[in-house]
Amino acid sequence: MRAMTAALQLLVNGVALGSLLAVVAFGLALVFGVMGVVNFLHAEFLTLGGYVTYFLVTGTGASPLLGVVAATAVGLVLGYGVQRTVIARVSNRPPLEGLLLTYGLSVVGLGLITYFFTGDFRSYPAQFQGALSIGGVSVAFRDLVVLILGAVILFGAGALLRWTRTGGAMRAVAQHRDAAAACGINLVKIDALAFALGGGLGAAAGAMLSTSFVTTPELGQRWLLIGFVVVVLGGLGSLTGVVYAGLGIGVLQVVLGYVLDDTWAQLLIYLLLFVLLLLRPGGLAKKLEPA
């Protein structure tokens, strides 16, 4: 009975972490699926979301939930602006140029964030304290909020992609850019909107991270690598695969961290990535599946 309770507790904790990983990776997968760009700048959107929430909570006493909304809005606007002014210039260039450009922008962004916000550790008073206990399984209210937020954000983004004309255009571009352009879809507009949405999702993920972790200029950098792992395992460009991969990695990391320790857990997850790439180079999903 105790073993069953412990297993359920690990599962609950893993799903909470997995939902956070899925939100972190969703914007990465969206930008890659639509534009074919490996977006290193995503890390700075994560960090920015954490700072927006921190300053909103400490400056006005507002709830971190409002911080998620504010961070998403900032990420959307900034993402749209960056894509239109910089990223669009390499939209028809080889993928390596897009990768290098976003990496360079990430370095510049990290420098600017460190200059303006310093390297101090930032955190606000703990929110959502307490836990819900059911049958011996305890769910911290903080994890419950993260889980619900993750579900709402992922469902909202998925609904936008599946049930709106703009989302349909993004899916068409993700399937075949040239065919989509031949059908009259404005690639410039769709690229800008996809990058903006990716930035908004990244900032929202950063705001969620700020509820559990301190915010520093390296916040996004620390989560970017595991975000890439989720995207690759889920299948490059597959948003459904990203959700499954995020939940799977979250549960696996919690279980391995419990059995071994966090260092071994991360090492074994990267080893699993290596093995899966050898067996299934395309990830768990076989083809692009935008929603």
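## Charge and surface

The chain carries 15 positive and 10 negative charges, and their mean positions lie 11 Å apart. Lys and Arg are counted as positive, Asp and Glu as negative; His and the chain ends are left out. Each charge is placed at NZ of Lys, CZ of Arg, CG of Asp or CD of Glu. The accessible surface comes to about 14,000 Å². Carbon and sulfur atoms hold 69% of that surface. Areas follow the Shrake-Rupley method with a 1.4 Å probe, and for residues only the protein chains shown count as cover.

## Model and conventions

This is a predicted model, in which local features need pLDDT of at least 70, side-chain atom pairs count only at pLDDT 80 or more, and totals for chains, interfaces and linings use all residues. Residues are numbered from 1 along each chain as its sequence is written, and side-chain values use heavy atoms, without hydrogens and water.

## Overall fold

The chain has eleven helices and two strands. In order from the N terminus, the elements run α-α-α-α-β-β-α-α-α-α-α-α-α. Helices (H or I, at least four residues) and strands (E, at least two) are DSSP runs, numbered from the N terminus.

The C-alpha trace spans about 60 × 50 × 35 Å along its principal axes. The radius of gyration is 19 Å, which agrees with the value near 19 Å for a compact globule of 291 residues. That rule is 2.2 Å times the number of residues to the power 0.38, and the radius is taken over C-alpha atoms.

Of the 291 residues, 46% are buried. Buried means under 20% relative accessible area (1.4 Å probe, protein chains only). Among contacts with a separation of 6 or more, 76% join residues 24 or more positions apart. A contact means heavy atoms within 4.5 Å.

## The hairpin

Strands S1 (residues 131-134) and S2 (residues 137-140) run antiparallel, joined by four bridges. Pairing requires at least two DSSP bridges. Ile-134 stands opposite Val-137 in S2. Two residues separate the strands of this hairpin. Gly-135, in the turn, has a positive phi of about 60°.

## Two buried residues

Asn-39 sits in the loop between helix H1 (2-35) and helix H2 (42-60). Asn-39 counts as buried because its relative accessibility is 2%. Beyond residues up to four places away in sequence, Asn-39 touches Leu-28, Val-31, Thr-102, Phe-195, Leu-224 and Phe-228.

Leu-209 lies in helix H8 (residues 187-209). Leu-209 is buried, at 0% relative accessible area. With residues up to four places away in sequence not counted, Leu-209 touches Leu-20, Leu-219 and Trp-223.

Technical notes. Buried < 20%, exposed > 50% of the residue type's maximum accessible area, 1.4 Å probe, protein only.
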